[in-house]
Amino acid sequence: MAQAHALQVLVEALRRLPGVGVKSASRMAFHLLQHDRAGARQLAQALQHACDSVHHCRLCHTFTEHEVCETCQDASRDRSKLCVVETPADQSALERTQAFRGLYFVLMGKLSPLDGIGPQDIGLDRLLDRAGDGVVQEVILATNFTAEGEATAHVLSERLKARGLKVTRLARGVPAGSELEYVDLGTIAHALHDRR
């Protein structure tokens with residue numbers, strides 16, 4: 001009975017992953033326990049290590065193992081441009097295009113009044129401080145083209161413009177309703193280049 005309970009706890013833990021339902025979580029749990037116990041232990045250790053080691057960059061709020069991430073430390077980056085994204089996955093997608101050489105600010109979410117997520121929950125004050133450092137000349141809003149992403153971009157744009165900053169938005173080459181981490185790299189690169 002204890003094994004059945006441990007198995008159920010594993011299935012429930014796997015269900016926390018996005019897009020994973022009961023059947024998929026059960027298949028993963030059975031596979032790991034039946035065919036790949038070494039892989040299961042490696043996965044558990046990797047998750048534990050990441051949880052213990054990875055935290056937010058003091059400047060841009062992305063994930064890093066250091067106080068300041070490698071991107072923020074890179075002296076070759078254009079510090080006059082600050083790109084605002086919702087998640088580290090979105091930042092990673094933009095980086096893979098190699099079309100942007102500025103800095104980032106990661107919101108770690110988007111405005112969603114229905115879920116009780118307001119400007120203070122996505123680090124608006126930290127963004128305003130970062131963008132208002134006297135070095136940043138342009139803030140590029142690269143939030144997703146979902147209803148929440150558009151609302152987030154609108155609120156951020158109004159607050160940033162009120163501080164005299166130039167604010168641009170990714171061009172509409174990225175399909176409406178899409179999320180950056182799932183958009184092909186060419187589309188992201190063109191959208192970044194043709195921002196308005």
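I began with the classes of residue around the second largest pocket, and in this predicted model I found three nonpolar, six polar and four charged residues in its lining. I then looked up how much space this second largest pocket holds, and the value came out at about 230 Å³. Its lining is made of 13 residues, and I noted Phe63, Cys69, Glu70, Thr71 and Gln91 as the ones that lie nearest its centre. Going on to the elements, I listed strand E2 (63-64), helix H4 (70-73) and helix H5 (88-97) as those that give two or more residues to this lining, and I marked H5 as the element that gives the most, with three residues.

Next I turned to the largest pocket, for which I wrote down a volume of about 390 Å³. I counted 14 residues in the lining of the largest pocket, and nearest its centre I found Leu10, Leu14, Leu43, Ala44 and Leu47. When I sorted the lining of the largest pocket by class, I had eleven nonpolar residues and three charged ones, with no polar residue among them.

Which helices each supply at least two residues of the lining of the largest pocket? I noted three names here, namely helix H1 (2-14), helix H2 (22-35) and helix H3 (37-53). I also checked where the largest share of this lining comes from, and I recorded H3, which supplies six residues.

Methods:
Residues are numbered from 1 along each chain as its sequence is written. This is a predicted model: local features need pLDDT of at least 70, side-chain atom pairs count only at pLDDT 80 or more; totals for chains, interfaces and linings use all residues. Side-chain values use heavy atoms; hydrogens and water are left out. On a 1 Å grid over the protein atoms alone, a cavity is a set of points where a 1.4 Å probe fits but cannot get out, and a pocket is an open set with protein on both sides within 12 Å along at least five of seven lines; lining residues have an atom within 4 Å of a point. Grid points are joined across faces, edges and corners, and a volume is the space filled by probe spheres set on the points. Helices (H or I, at least four residues) and strands (E, at least two) are DSSP runs, numbered from the N terminus. Ala, Val, Leu, Ile, Met, Phe, Trp, Tyr, Cys and Pro count as nonpolar, Asp, Glu, Lys and Arg as charged, and the others, Gly among them, as polar.
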